[in-house]
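Please read the points below beside the sequence and the coordinates. They are set out so that each can be checked on its own.

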Amino acid sequence: MSSTKPISLILSITLFFSLLLGSSSAQTVVKASYWFPGSEFPITDIDSSLFTHLFCAFADLNAQTNQVTVASASQARFSTFTQTVQRRNSAVRTLLSIGGGAADKTAFASMASNPTSRKSFIDSSIRLARSYGFHGLDLDWEYPSTATEMSNFGTLLREWRSAVVAEASSTGRPRLLLAAAVFYSNNYYSVLYPVQAVADSLDWVNLMAYDFYGPGWSRVTGPPAALYDPSNAGLSGDAGVRSWTQAGLPAKKAVLGFPYYGYAWRLANANSRSYYAATTGAAITPDGSIGYGQIRKFIVDNGATTVYNNTVAGDYCYSGTTWIGYDDTQSIVTKVRYAKQRGLLGYFSWHVGADDNSGLSRAASQAW
Ligand SMILES: *[C@@H]1O[C@H](CO)[C@@H](O)[C@H](O)[C@H]1NC(C)=O
């Protein structure tokens, strides 16, 4: 038949372009941060030229319907998030994050436990991402906490991947990116993440390498987000990266997270102010958490002493009995260089609104 030739030519042209599109969707670097409405940081103030990807957090899981929803108070900002951040950087990619530390983790465990509710979650997440114009989705289930939940998490990821691949081929649109924010280590209190399912299904994982020390769970001061832990207790970004990669996660699927916030303690003794000093609890805020911009202001207002510890790659400052552990420029730059040298995909921060005039994000972007 004379018509077979043109058809096969069209097919091979289509295949050629879909291969091109497929390869261009593979990320070469991820320089990312999270934004969330509670930060009260205007989306228009994000300097998106410093990022390749921005996460909009959080969409919620409805425990009754197992569908992903956005609170009505957030819908206007979420639905215009992508066009807003693309004004300063048309190449920036956006992902809608689902869940978060404050979300009901039993709802995630229940949703992931059976095929019908997983399908509700998956289909509604794709509809929402497309209708709001996001380029991808990010699951922040903190955390799957039993072997069964981990296994269901893996099943959910595999089905999610199949669904976004199918959706892309049926609509002809670029496939939605899939990411997840996970514990800094692949070992969550002796329960292991399904690393193979993670590696097969996700474009990358965000390793939350922070909250190692905080007044809520530590009566002594400590580096909240050490890259290295000389005491070898395993509380460090490096220990987390090694655990994931040794368990089989390709380095190119790992994105190292760091905080744009610190923790403030009240020292028991104003003269004992190094790491592991005794405290009487949180300072400045109820849980001691304090954004980087506020820390800079505290340092200036109080003439606080600042210390960079290059053994752990962490900063702290103190004035009187107030002691704050945090990441300043040197810590951030050290972590970004680490991520690059170890062949990781990139880095992310929580959260963009806590920066001081984009100072940390600029230093990070330049250090890669
Ligand atoms: C950095 O912190 C480690 C761990 O507490 C400590 O052993 C070391 O002496 C500190 N280094 C400096 C220069 O303060």
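The numbered points below go through the model region by region.

1. This is a predicted model, in which local features need pLDDT of at least 70, side-chain atom pairs count only at pLDDT 80 or more, and totals for chains, interfaces and linings use all residues. Residues are numbered from 1 along each chain as its sequence is written.

2. The ligand is surrounded by Pro230, Tyr275, Asn309, Thr311 and Val312, where a residue is taken as near a molecule if its C-beta atom, placed from the backbone, lies within 6 Å of it. This shell divides into three nonpolar residues, two polar and no charged; Ala, Val, Leu, Ile, Met, Phe, Trp, Tyr, Cys and Pro count as nonpolar, Asp, Glu, Lys and Arg as charged, and the others, Gly among them, as polar.

3. Asp229 is found in the loop between β9 and α7, helices (H or I, at least four residues) and strands (E, at least two) being DSSP runs numbered from the N terminus. Asp229 is partly exposed, because 18 other C-beta atoms lie within 10 Å; a residue is buried with 20 or more such atoms within 10 Å of its own, exposed with 12 or fewer, and partly exposed in between, with C-beta atoms placed from the backbone. Leaving aside neighbours within four places in sequence, Asp229 is in contact with Gly234, Leu235, Ser236, Ala239 and Val312, contact meaning that the C-beta atoms, placed from the backbone, lie within 7 Å.

4. Helix α7 (residues 237-246) is largely enclosed by the rest of the structure, because seven of its ten residues are buried. These are Gly237, Asp238, Ala239, Gly240, Val241, Ser243 and Trp244, and the buried residues of α7 pack against β7, β9 (204-208), β10 (254-259) and α9 (329-341). The helix is followed by Gly248, whose phi is positive, near 115 degrees.

5. The largest nonpolar core has 101 residues, and those with the most contacts inside it are Val205, Leu207, Ala254, Val255 and Leu256; such a core is a set of buried Ala, Val, Leu, Ile, Met, Phe, Trp, Tyr and Cys residues joined through C-beta atoms within 7 Å. Apart from neighbours within four places in sequence, Leu207 has contacts that include Gly240, Val241 and Trp244, together with Ala254, Val255 and Leu256.

6. Which residues of α3 and α4 make the contact between these helices? Helix α3 (residues 105-112) and helix α4 (residues 115-132) pack at an angle of about 115 degrees, with their axes 6 Å apart, and α3 and α4 are therefore roughly perpendicular to each other. Ser110, Met111 and Ala112 of α3 meet Ser117, Arg118 and Phe121 of α4. Axes are lines fitted to C-alpha atoms, for helices over the stretch in contact, and angles run from 0 to 180 degrees between N-to-C directions; those under 35 degrees count as roughly parallel, over 145 as roughly antiparallel, 65 to 115 as roughly perpendicular and the rest as oblique.

7. Some backbone geometry deserves a check. A cis peptide bond joins Glu142 and Tyr143, with omega about -5 degrees, and Tyr143 lies in the loop between β5 (136-140) and α5 (147-171). The bond from Trp350 to His351 is also cis, with omega near 0 degrees. Tyr189, although not a glycine, has a positive phi of about 45 degrees; Tyr189 is exposed, with 8 other C-beta atoms within 10 Å.

Conventions:
Contact = placed C-beta atoms within 7 Å.
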